[in-house]
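Let's take a walk through this one, a few spots at a time. Keep the structure open and follow along.

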Amino acid sequence: MRKIAVVMGSDSDLPVVEKCFGVFEEFEIPYEVHVFSAHRTPAEAKEFAEKAGEKGFGAIVCAAGMAAHLAGAFAANTVLPVIGIPVAGGSLGGLDALLSTVMMPSGIPVATVAIDGAKNAAYLAAEILAVGDGPLTERLLAARRKSAAQVLEKDKKLSEKYGK
Ligand code: RP5
């Protein structure tokens with residue numbers, strides 16, 4: 001199975017980014033975690049992005065706050081799918097990071113999740129790897145069924161409590 005690269009612009013992003021890790025472990029997806037910055041270590045970020053395909057990665061999750069060019073810088077240097085997590089922080093509360101991550105020029109896409117949306121970034125990465133991987137697809141479907149059952153159980157409890 002291909003690996004997921006999880007890259008953050010600073011270790012200060014870790015409290016948000018680490019919410020990815022449990023999802024990868026739940027679905028038995030191998031992953032690596034790195035810190036590279038589009039502005040502070042541009043050469044290393046470029047080199048990692050350029051070599052990610054040959055190193056066995058299937059998708060790259062990039063998290064950054066503020067000007068948040070990391071996902072875009074990665075997307076510029078690879079044709080692997082890049083998923084961007086805008087991280088809240090700074091005086092604009094993450095709106096700056098959201099717009100910086102999502103507003104990419106045509107031809108260089110970044111699949112952008114919600115501000116601090118690390119879990120959905122991990123689920124999306126898992127779904128990308130699941131294309132052509134039947135067992136992983138089954139694990140994702142089983143998780144959806146479990147989630148639906150939990151919601152229906154909550155519905156049952158609340159409707160019994162507050163119903164006529
Ligand atoms: C961004 O600047 C990082 O992704 C982080 O969200 C933010 C602040 O970084 P630090 O100053 O905490 O290292 O590039």
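This is a predicted model: local features need pLDDT of at least 70, side-chain atom pairs count only at pLDDT 80 or more; totals for chains, interfaces and linings use all residues.

## One face of α2

Start with helix α2, residues 19–26, where C20, F21, V23 and F24 are buried. Look down the axis of α2 and its buried residues fall within an arc of 165 degrees, so they line one face of the helix.

What do the buried residues of α2 pack against? The list takes in the strands β1 (3–8), β2 (31–35), β3 (57–65) and β4, plus the helices α1 (14–17) and α6 (118–130). Once α2 is done, along comes E28, with a positive phi near 60 degrees.

## Around the ligand

Now for the ligand. Its surroundings are made up of G9, S10, S12, D13, R40, A64, G65 and M66. Sort the residues of that shell by type and you get two nonpolar, four polar and two charged.

Which atoms come up to the ligand's oxygens? S10 brings a polar side-chain atom to 2.6 Å from a ligand oxygen, and D13 also has a polar side-chain atom 2.6 Å from an oxygen atom of the ligand. G65 works through its backbone instead, with an N or O atom 3.0 Å from a ligand oxygen. On its own the ligand has 360 Å² of accessible area, and the protein covers 69% of that.

## Positive phi away from glycine

Most residues other than glycine have a negative phi. A68 is not a glycine, yet its phi is positive, at about 50 degrees. You'll find A68 in the loop between β3 and α4. Buried or exposed? A68 counts as buried, because its relative accessibility is 5%, under the 20% cut-off.

D116 is another non-glycine with a positive phi, this time about 65 degrees. The loop that holds D116 runs between β5 (111–112) and α6. Its relative accessibility is 31%, so D116 counts as partly exposed.

## T78 in its loop

Last stop: T78, in the loop between α4 (70–75) and β4 (82–87). With a relative accessibility of 15%, T78 counts as buried.

What does the side chain of T78 reach? The backbone nitrogen of L80, at 3.0 Å. Setting aside neighbours within four places in sequence, T78 also has A49 and I60 as contacts.

Technical notes. Residues are numbered from 1 along each chain as its sequence is written. Side-chain values use heavy atoms; hydrogens and water are left out. Helices (H or I, at least four residues) and strands (E, at least two) are DSSP runs, numbered from the N terminus. Buried means under 20% relative accessible area, exposed over 50%, partly exposed in between (1.4 Å probe, protein chains only). A polar contact is a pair of N or O atoms within 3.5 Å; within protein, one must be able to donate a hydrogen and the other to accept it, and residues adjacent in sequence count only if both atoms are side-chain atoms. Contact means heavy atoms within 4.5 Å. A residue is near a molecule or strand if one of its heavy atoms lies within 4 Å of it. Accessible areas come from the Shrake-Rupley method with a 1.4 Å probe; for residues, only the protein chains shown count as cover. Ala, Val, Leu, Ile, Met, Phe, Trp, Tyr, Cys and Pro count as nonpolar, Asp, Glu, Lys and Arg as charged, and the others, Gly among them, as polar. The arc is that of the directions from the helix axis to the C-beta atoms.
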